[in-house]
Amino acid sequence: MANGTWRIARSRSSAQLPLVLSAVLALLLLVAGKAHFGPFERARTAITDKAAPALQAVNVPVVAATRWAGGIRHFFDVYSDNQRLREENARLLQWHSAAVTLQSQIRHYQLLLKTVPDPSYSAVTAKVIARSSQPFLETIVLNAGRREGVKPGQAVVDVRGLVGRIYVAGERTSWVIVLNDLNSRVPVLIRPGNVQAILTGTNATEPNLEALPQNAKLKNGEEVVTSGDGGLLPPGLPVGLVSVSGGEIKAALFADPLTAGEVRILNFTSPIEQMPKPSDKDLPAPPVTPPSPQASAVQQPSEAPKPTAQTVHTVASALAASPRPTRTAPHPTRHAVQPGTEPADQARQPDDTAPNPTDDQNDQ
Amino acid sequence: MSIPSLFAATIPLLCGLIGVLLSCMPVSLTGGMVPPPLLGFMPVYFWCLIRPDLMPAAVAFAVGLAQDLLTGGPVGLWTASFIASYAFVDRQRDSFAGLAGIGAILGFALAMLIVSGAAFVIGWVYFWHVPPVTPLLLQVAVSVLCYIPVLPVLHWVQQRVVGPLRSEF
């Protein structure tokens with residue numbers, strides 16, 4: 001009997017051994033993960049890289065089924081949707097034209113004021129291949145990684161605004177920590193008062209606005225944008241709107257990481273990709289008698305009583321007619337810089353007027 | 001061990017991994033209102049009860065680790081939670097295995113509560129921040145609801161695939 005009891009006890013303890021080992025190993029994993037043990041991160045990215053095809057393969061039928069189900073739901077609304085989209089398209093075309101005009105005006109004023117140019121950055125478009133909306137974390141996995149130039153810290157945006165930032169980049173995949181994740185901290189600016197704050201994720205739909213100045217008075221609906229402090233995220237990216245409720249100041253986010261299908265990863269630090277220089281055939285034919293610098297300088301101001309020269313007309317007509325900025329627009333504005341410039345600036349003029357491929361890229 | 005029986009032994013692990021993959025899909029039927037169910041834990045619970053030889057602690061560990069790695073969370077959080085629940089179910093197997101019908105669902109609900117409770121405590125210590133309770137409870141509720149249609153599928157896999165492949169036992 002005693003022997004039998006001993007045997008049972010022995011078998012039980014040997015059966016429990018893998019369980020105890022697994023538990024100890026799990027705790028060790030937690031400790032090592034908390035200590036940001038490098039091999040874990042590499043293993044995670046390597047596994048995600050390997051799992052990316054499987055994730056995409058699993059996604060295909062489910063996404064197709066969801067789209068199909070959504071298509072059925074919207075089938076009966078096709079006509080009204082079409083009408084609505086037509087009206088919206090017409091309205092957006094008007095806005096587009098206004099935006100192009102304003103963009104050109106801003107560039108003109110920046111040249112006049114010699115402002116420091118806005119930082120330019122390239123972007124990588126990526127698809128969301130996995131999403132984790134767990135009680136402790138809100139992350140998404142993208143199908144772009146170091147191979148595409150993605151690095152940790154880069155901003156991820158969708159059409160509506162900032163989604164989050166990259167925190168782990170594998171070879172072909174990358175992880176995004178979204179704004180409402182428990183670990184997300186993003187320096188932001190609240191307009192119009194330019195109040196600085198830290199956007200702190202709480203795993204709730206609306207992250208908190210913390211570290212506000214003591215005398216800050218915020219109202220519902222004020223705009224929250226990235227401040228750019230720290231140099232990782234570009235300043236001015238739209239984030240959301242202030243939502244004050246019950247003494248808590250939160251931000252209602254523009255972007256919804258749960259519905260984002262395609263996002264853009266902004267490379268804030270690296271220079272923008274250069275377009276190939278246009279050949280002579282691509283450039284517009286030069287005017288037969290180009291106006292002298294003095295003449296164009298007199299003609300340029302918009303308040304001029306008689307803008308007789310064709311430069312002003314060129315700007316207006318080009319902006320109004322063309323769907324996107326054309327290369328003809330910048331030339332007159334650059335001539336206009338000349339009257340207010342110093343001789344040294346005038347000496348620099350030929351370089352400034354040379355075609356700059358970056359302009360095209362920025363226009364796009 | 002023959003190749004078919006070896007293959008059969010890997011099916012619970014494969015089911016767990018498929019569950020983890022499915023729960024990572026960027027599609028939400030509720031528009032993101034509710035967290036996705038812990039699909040990876042369902043095979044762990046199921047085979048831990050009916051065929052513990054096919055679901056040893058190491059397999060539960062592997063499924064939990066996959067859940068951690070593929071959801072981007074702290075490595076070890078779900079692993080330790082799965083192991084904690086596995087240990088409980090393993091010790092109370094006789095009680096759990098005797099449950100049927102609604103009782104079986106309630107048994108899974110209890111196991112899910114242990115998983116979520118363990119994750120809550122670990123998350124609290126790990127982040128040094130009290131995690132929100134509502135999403136955890138919602139996840140338990142969704143997982144229990146999803147277990148109802150998943151259970152017949154797991155039964156079918158066990159009876160039609162795993163059983164015949166391991167018929168020599």
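Helices (H or I, at least four residues) and strands (E, at least two residues) are DSSP runs numbered from the N terminus. The views show a predicted model, in which local features need pLDDT of at least 70 and side-chain atom pairs count only at pLDDT 80 or more, whereas totals for chains, interfaces and linings use all residues. Residues are numbered from 1 along each chain as its sequence is written, and chains are lettered from A and ligands numbered from 1 in the order in which they are written.

**View 1. The loop between β6 and β7 of chain A contains A:Pro192 and A:Asn194.**
A:Asn194 has a phi near 55°, a positive value in a residue other than glycine. Most residues other than glycine have a negative phi, and most peptide bonds are trans. A:Asn194 counts as exposed because 9 C-beta neighbours lie inside 10 Å; by the burial scale, a residue is exposed with 12 or fewer other C-beta atoms within 10 Å of its own, buried with 20 or more and partly exposed in between, the C-beta atoms being placed from the backbone. The strands β6(A) and β7(A) on either side of this turn form a hairpin with 3 residues between them.

**View 2. Strand β6 of chain A, residues 185–191, has a covered and an uncovered face.**
A:Val186, A:Val188 and A:Ile190 make up the covered face, and A:Arg185, A:Pro187, A:Leu189 and A:Arg191 the uncovered one. β6(A) pairs in the antiparallel sense with β7(A), residues 195–200, over 6 bridges; two strands pair if DSSP finds at least two bridges between them. Within this pairing, A:Ile190 has A:Val195 as its bridge partner. β6(A) also pairs in the antiparallel sense with β9(A), residues 223–226, over 4 bridges, and there A:Val188 stands opposite A:Thr226.

**View 3. A:Ala211 lies in the loop between β8 (208–210) and β9 of chain A.**
The phi of A:Ala211 is near 55°, a positive value in a residue other than glycine. A:Ala211 is partly exposed because 13 other C-beta atoms lie within 10 Å.

**View 4. A barrel in chain A is closed by 6 strands.**
The order of the strands is β1-β2-β5-β4-β3-β12, with antiparallel pairing. From one strand to the next, the twist averages 40°. Strand β12(A), residues 262–267, pairs with β3(A), residues 155–157, over 3 bridges in the antiparallel sense. In that pairing A:Val157 stands opposite A:Arg264 and A:Val156 stands opposite A:Ile265. β12(A) also pairs in the antiparallel sense with β1(A), residues 122–133, over 6 bridges, where A:Ala126 stands opposite A:Val263.

**View 5. Helices α1 and α7 of chain B cross at roughly 150°.**
Their axes come within 7 Å; axes are lines fitted to C-alpha atoms, for helices over the stretch in contact, and angles run from 0 to 180 degrees between N-to-C directions. The crossing therefore makes α1(B) roughly antiparallel to α7(B), a label for angles over 145 degrees, whereas those under 35 count as roughly parallel, those from 65 to 115 as roughly perpendicular and the rest as oblique. From α1(B), residues B:Pro4, B:Ser5, B:Phe7, B:Ala8, B:Ile11 and B:Cys15 meet B:Val157, B:Val161, B:Val162 and B:Leu165 in α7(B). By class, this contact has 9 nonpolar, 1 polar and no charged residues; Ala, Val, Leu, Ile, Met, Phe, Trp, Tyr, Cys and Pro count as nonpolar, Asp, Glu, Lys and Arg as charged, and the others, Gly among them, as polar. Chain B has 7 helices and 0 strands.

**View 6. In the interface, 39 residues of chain B are in contact with 39 residues of chain A.**
Contact requires C-beta atoms, placed from the backbone, to lie within 7 Å of each other. On the side of chain B that touches chain A, α1 (3–23), α3 (57–71), α4 (77–91), α6 (102–127) and α7 (133–165) each supply at least two residues. By class, this side of chain B has 27 nonpolar, 11 polar and 1 charged residues.

**View 7. B:Ile83 touches residues of both chains, including A:Ser22 and B:Ala57.**
Leaving aside residues up to four places away in sequence, B:Ile83 touches A:Ser22, A:Ala23 and A:Ala26 in chain A, together with B:Ala57, B:Ala60, B:Phe61 and B:Gly64. B:Ile83 is one of four residues, with B:Val44, B:Tyr45 and B:Ala60, that touch the most other members of the largest nonpolar core, which has 103 residues. Such a core is a set of buried Ala, Val, Leu, Ile, Met, Phe, Trp, Tyr and Cys residues joined through C-beta atoms within 7 Å. In chain B, buried residues make up 50% of the 169 residues. Of the contacts in chain B with a separation of 6 or more, 70% join residues 24 or more positions apart.

Notes
Two residues are in contact if their C-beta atoms, placed from the backbone, lie within 7 Å.
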